Amino acid sequence: MNTDLWLMLVQGVLVLVFISLGVRTCGISIGLWGGVGVLVLVTAFGLEPGAVPISAMLIILAVVAAAGAMQVAGGVQYLVGIAQKIIRANPKSVTFIAPYVSWVFTLGAGTGNVYYSLLPVIYEVSYNNKVRPEKPLAISPVASQMGITSSPVSAAMAIMVGLMAPFGFSITDILAIVVPATIVAIFCGALVMTFVGKPLDEDKEYQRRLEAGEITPPDPIEEAPEALSPEARRSAWIFIVGVVAIVIFGVFPGLRPSYVDTAGVAASMAMTELIQVVMFTAAVAIVMLCKASPARIPNSKIFISGVVSVVALFGIAWMANTFIGAHREIIVAGLGAMAAQYPVAIAFALFAVAAMTTSQSSTTLAIIPIGLTLGVPPQYLIAMWPAVIGIYFFPANGSQIATINLDQTGTTKIGKFVLNHSFFLPMVVCAVSAVATGFVVATLLYGTGGVDVSP
């Protein structure tokens, strides 16, 4: 083994160590440790600092500013009330209904943090209708995070749009593949979960907790959307209109704002910039028309969690780009040999990197360009993109921890071997079925042609 390969392995181990330290300390720490990793890679090994995902970070801030304004105005509460009605409409089917509602929420908001608002409702409905809580609670956060790759306003989508644009694939082309693939995947995951675990009256751990008085039955949560103020409803619809506007701009490029650049050439605003200005406009509209106090927006839960996500993406993506940029030739050669025989190897790479970084945006930025360099058809890279759900490989995600802590029955849990946690099975089922469905949809819509990667 030559010296360069040894150095790459040592640096790779260090990257994993810094990621592990960040995951262990949770929250904003993963980004901070990523910054430390960049410092070590540059000072100890002389690597050139990688690119910082500025556009993705700005999109997160713009989206959470609008979503935070909606939360302050009561719009999130209004949407949660609607979600409650949908979930309660057929409580015995909560294992199927809850994940789709979670997915739609994330798709619209661009962040999986909205899942926290649905979590108590899903638990209450399942418990009070004698459905093993693990069934809907294990698949719902997975479905929520799969909404990231289906959302027109997520940071990961912004990165994907930028990477695919030079190859003629717009946001609508990406959604045309990912959305049906995700819908099928969630159904498969929910179907599998219906067969998982014993009924509550036969579950030993639940019975033990019940006898010990460790379980407090949840009270029904009633938040009728009709009871909320007109401003709450209005803020929700303003945000939704903003999301729809972004999709329309993606479908009809001719509608995008145009300008003449410094070279005197006519140009249109890029989608990454459009997402930002549309979300800022939505935020202003909510503040002006819905009595949302600007001073309260930075203190909203959605905004705070968004800022944490920005720091996490900043550090992890920066460290990953520093490492991958320094060894791109070796990595491309290794992945290329596998991808030549097994194109699905890119999906495994997406899954593995997502598991290590716990960031769909960072993983997209790190692996998709490699696939394009290898000449993998962009439609198939899009089909494999949902494999970034690998962020749930380790039970370290905030939504996983929150779900486990909320389920007093003990059915949603982390097993003795850590990886045998409640979310593992639905995650794997969703990843496999989404990629498989994506390949079928991509082939039907765009054929099997490759791309020209020549300079």
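Helix axes are taken here as lines fitted to C-alpha atoms over the stretch in contact, with angles running from 0 to 180 degrees between N-to-C directions. In this predicted model, helix α3 (residues 54-73) packs against α13 at an angle of about 170°, and the two axes are 8 Å apart. Angles over 145 degrees count as roughly antiparallel, and α3 and α13 are therefore roughly antiparallel to each other. On the α3 side the contact comprises Ala56, Met57, Ile60, Leu61, Val64, Ala65, Ala67, Gly68 and Gln71, which meet Lys301, Ile302, Phe303, Gly306, Val307, Val310, Leu313 and Phe314 of α13. Classified by residue type, this contact of α3 with α13 contains 13 nonpolar, three polar and one charged residues.

The crossing of α4 past α6 is right-handed. Helix α4 contributes Val76, Val80, Ala83, Gln84, Ile87 and Arg88 to the contact, and α6 contributes Ser117, Leu118, Val121, Ile122, Glu124 and Val125. The residues in this contact of α4 with α6 divide into eight nonpolar, two polar and two charged.

Among the loop residues, Thr149 is located between α7 (134-146) and α8 (155-164). Its relative accessible area is 1%; because buried means under 20%, Thr149 is assigned to the buried class. A polar atom of the Thr149 side chain lies 2.9 Å from the backbone oxygen of Met146. When residues up to four places away in sequence are not counted, Thr149 touches Met157, Val178, Thr182, Trp385, Pro386 and Val388.

Most residues other than glycine have a negative phi. Lys130, however, has a positive phi of about 60°. This lysine is found in the loop between α6 and α7.

Methods. Residues are numbered from 1 along each chain as its sequence is written. This is a predicted model: local features need pLDDT of at least 70, side-chain atom pairs count only at pLDDT 80 or more; totals for chains, interfaces and linings use all residues. Side-chain values use heavy atoms; hydrogens and water are left out. Helices (H or I, at least four residues) and strands (E, at least two) are DSSP runs, numbered from the N terminus. Buried means under 20% relative accessible area, exposed over 50%, partly exposed in between (1.4 Å probe, protein chains only). A polar contact is a pair of N or O atoms within 3.5 Å; within protein, one must be able to donate a hydrogen and the other to accept it, and residues adjacent in sequence count only if both atoms are side-chain atoms. Contact means heavy atoms within 4.5 Å. A crossing is left-handed if the near helix is turned anticlockwise from the far one by less than a right angle, and right-handed if clockwise. Ala, Val, Leu, Ile, Met, Phe, Trp, Tyr, Cys and Pro count as nonpolar, Asp, Glu, Lys and Arg as charged, and the others, Gly among them, as polar. Angles under 35 degrees count as roughly parallel, over 145 as roughly antiparallel, 65 to 115 as roughly perpendicular and the rest as oblique.
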